[in-house]
Amino acid sequence: GPVVNAPPYLEWVSTGAWQLDGVRPDEAVGRTDCEFRVVYRDLDGDVPTVMQLEIRRYQNPVTKSPFAMYHRSGAHPQTGMTYVRHVWLNPGTYWYRFVASDGFSDARGVPTEWTPGPVIREGRGAQVAGLAAVPTARGAQISFTLSQAATVQAEILNLAGRPVQALRPRSFEAGVNCLVWDGKSAAGLPTPSGVYLVNVIARGEDGSESRAMARLYLQR
């Protein structure tokens with residue numbers, strides 16, 4: 001008999017800040033790095049030939065939209081594959097949706113509909129800049145500059161964007177500051193030589209959030 005294709009479908013991730021609407025943060029102050037996540041499923045086991053994020057501000061598309069999404073986790077479409085995209089957004093009110101296809105049919109599901117958010121307000125807030133990650137004998141020294149006092153957390157990621165280690169959040173004053181990573185993974189094991197990403201998140205007392213990312217070349 002004829003082969004009937006089951007269209008893929010998208011859903012929000014089941015944990016964390018993305019489980020209700022697929023974006024983090026929902027609100028921020030000043031230019032913000034927003035992280036979008038969505039889960040792709042296909043009962044036929046077809047991987048996506050198209051996986052994109054569309055963003056518009058008011059009724060106008062954001063420059064460079066649609067954005068390609070990147071596979072973060074999940075090995076098979078039938079059990080769910082999570083896709084991620086970071087986009088820096090200026091103050092404004094935004095709407096977004098995810099677009100996917102298996103090459104035969106467009107994906108269905110709530111995340112394919114235009115969804116309100118995030119809302120980014122004017123204001124400087126706590127800004128992080130001048131991020132640099134310098135390798136040491138054991139791990140790395142991470143330096144950065146804050147525009148005002150903030151709570152800072154650093155994440156060490158591999159090139160696929162998967163977490164390797166998360167440093168404990170600490171409070172810092174405005175100006176030049178440093179964090180130290182001991183070169184170990186979350187499991188306490190030494191990480192191998194290679195290229196890593198250092199993601200620094202600064203959260204101000206006013207609720208503002210700013211991010212910066214730098215590459216780290218670790219040589220054992």
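Strand 15 contributes the most to the lining of the largest pocket, giving 4 residues. The model is predicted, and the pocket in question has a volume of about 490 Å³.

**Largest pocket**

- Lining this pocket are 24 residues, of which Arg72, Val84, His86, Leu157 and Gly161 are the closest to its centre.
- Two or more lining residues come from each of strand 4 (32-41), strand 8 (70-73), strand 9 (81-89), strand 14 (150-157), strand 15 (163-166), strand 18 (194-204) and strand 19 (209-218).
- The lining of the largest pocket comprises 12 nonpolar, 5 polar and 7 charged residues.

**Second largest pocket**

- The second largest pocket holds about 160 Å³ of space.
- Its lining consists of 13 residues, and those nearest the centre are Val13, Ser14, Thr15, Val39 and Thr82.
- Strand 4 supplies the largest share of this lining, with 3 residues.
- By class, the lining of the second largest pocket has 4 nonpolar, 6 polar and 3 charged residues.

**Salt bridge between Glu11 and Arg41**

- Glu11 and Arg41 form a salt bridge in which the closest N and O atoms are 2.7 Å apart.
- This pair links distant parts of the chain, since Glu11 belongs to strand 1 (residues 9-11) and Arg41 to strand 4, 30 residues apart.
- Glu11 has a relative accessibility of 25% and therefore counts as partly exposed.

**Salt bridges around Glu35**

- A salt bridge joins the side chains of Glu35 and Arg24, at 3.4 Å from N to O.
- Because Glu35 lies in strand 4 and Arg24 in strand 2 (residues 23-24), the pair ties together parts that are 11 residues apart in sequence.
- Both partners count as buried: Glu35 has a relative accessibility of 3%, and Arg24 has one of 18%.
- A network of salt bridges links Arg24, Glu35 and Arg37.

**Salt bridge between Arg97 and Glu54**

- Arg97 pairs with Glu54 in a salt bridge whose closest N and O atoms are 2.9 Å apart.
- Here too the pair links distant parts of the chain, with Arg97 in strand 10 (residues 92-101) and Glu54 in strand 5 (residues 50-57), 43 residues apart.
- Arg97 is partly exposed, at a relative accessible area of 25%, whereas Glu54 counts as buried at 18% relative accessibility.

Key. Residues are numbered from 1 along each chain as its sequence is written. This is a predicted model: local features need pLDDT of at least 70, side-chain atom pairs count only at pLDDT 80 or more; totals for chains, interfaces and linings use all residues. Side-chain values use heavy atoms; hydrogens and water are left out. On a 1 Å grid over the protein atoms alone, a cavity is a set of points where a 1.4 Å probe fits but cannot get out, and a pocket is an open set with protein on both sides within 12 Å along at least five of seven lines; lining residues have an atom within 4 Å of a point. Grid points are joined across faces, edges and corners, and a volume is the space filled by probe spheres set on the points. Ala, Val, Leu, Ile, Met, Phe, Trp, Tyr, Cys and Pro count as nonpolar, Asp, Glu, Lys and Arg as charged, and the others, Gly among them, as polar. A salt bridge is a side-chain nitrogen of Lys or Arg within 4 Å of a carboxyl oxygen of Asp or Glu. Buried means under 20% relative accessible area, exposed over 50%, partly exposed in between (1.4 Å probe, protein chains only).
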